Amino acid sequence: EVLQPTSIGRQASLENVRILSVPSARTLWTGSEAVRVFVVLDPDVKRSHEARLSEGAHVSLIGLVRRAPSPADAMRQWMLDAETAEIVRDGGIYLHVTEVRPAA
């Protein structure tokens, strides 16, 4: 449900999701290879010290679904490479995370 454009502006949570990769200090790809969700950590994200944000780790995320920015804005704001920024734009949405918890 998080992946739907109709979810923009809604709060969402992803429970026990796997971190697939960490493109930059504030961004993650989560989910599975078939269904990926792009995640951006709020600068003031509330994070449990038990929640590891590294490839392969499992976490629970709470945040707000937002419309993806232009590739130029994504590269500037989140320090992404051009290819990743275009993939995010093409996906149309991302999850702006305000809280990270260890997977239950």
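How many salt bridges does the count come to by the rule used here? The count comes to 3. The rule asks for a side-chain nitrogen of Lys or Arg within 4 Å of a carboxyl oxygen of Asp or Glu. I'll come back to one of them.

First, the ground rules. This is a predicted model, where local features need pLDDT of at least 70, side-chain atom pairs count only at pLDDT 80 or more, and totals for chains, interfaces and linings use all residues. Residues are numbered from 1 along each chain as its sequence is written, and side-chain values use heavy atoms, with hydrogens and water left out.

Now the strands. Helices (H or I, at least four residues) and strands (E, at least two) are DSSP runs, numbered from the N terminus. Two strands pair if DSSP finds at least two bridges between them. Here 5 strands form a closed barrel. The order is E1-E2-E3-E5-E4, and the pairing is mixed. From one strand to the next, the twist averages 55°. Angles run from 0 to 180 degrees between N-to-C directions, and axes are lines fitted to C-alpha atoms, for helices over the stretch in contact.

Strand E1 covers residues 11-24, and strand E2 covers residues 27-31. These two pair in the antiparallel sense over 3 bridges. A hairpin of 2 residues joins E1 to E2. Ser24 has Thr27 in E2 as its bridge partner.

On to strand E4, residues 58-67. E1 pairs with E4 over 6 bridges, antiparallel. Ser13 has Ile62 in E4 as its bridge partner.

E4 also pairs with E5, antiparallel, over 9 bridges. Gly63 finds its partner, Val97, in E5.

Which sense do E3 and E5 pair in, parallel or antiparallel? Strand E3 (residues 36-47) and strand E5 (residues 93-102) are parallel, over 5 bridges. Glu99 in E5 stands opposite Lys46.

Look at Asp42, in strand E3. Asp42 and His96 sit 54 residues apart in sequence. In space, their C-alpha atoms are 6.4 Å apart. Contact means heavy atoms within 4.5 Å. Leaving out residues up to four places away in sequence, Asp42 touches Arg26, His96, Val97 and Thr98.

Next, the helices. Helix H1 spans residues 71-78, and helix H2 spans residues 82-91. They pack at about 120°, with axes 8 Å apart. That makes H1 oblique to H2. By the cut-offs, under 35 degrees is roughly parallel, over 145 roughly antiparallel, 65 to 115 roughly perpendicular, and the rest oblique.

Who meets whom? From H1, Pro71, Ala74, Met75 and Trp78. From H2, Ala82, Ala85, Glu86, Val88 and Arg89. By class, that contact has 7 nonpolar, no polar and 2 charged residues. Nonpolar means Ala, Val, Leu, Ile, Met, Phe, Trp, Tyr, Cys and Pro; charged means Asp, Glu, Lys and Arg; the others, Gly among them, are polar.

The side chains of Arg76 and Asp73 meet at 2.7 Å, N to O. Both lie in helix H1, 3 residues apart, so about one helical turn separates them.
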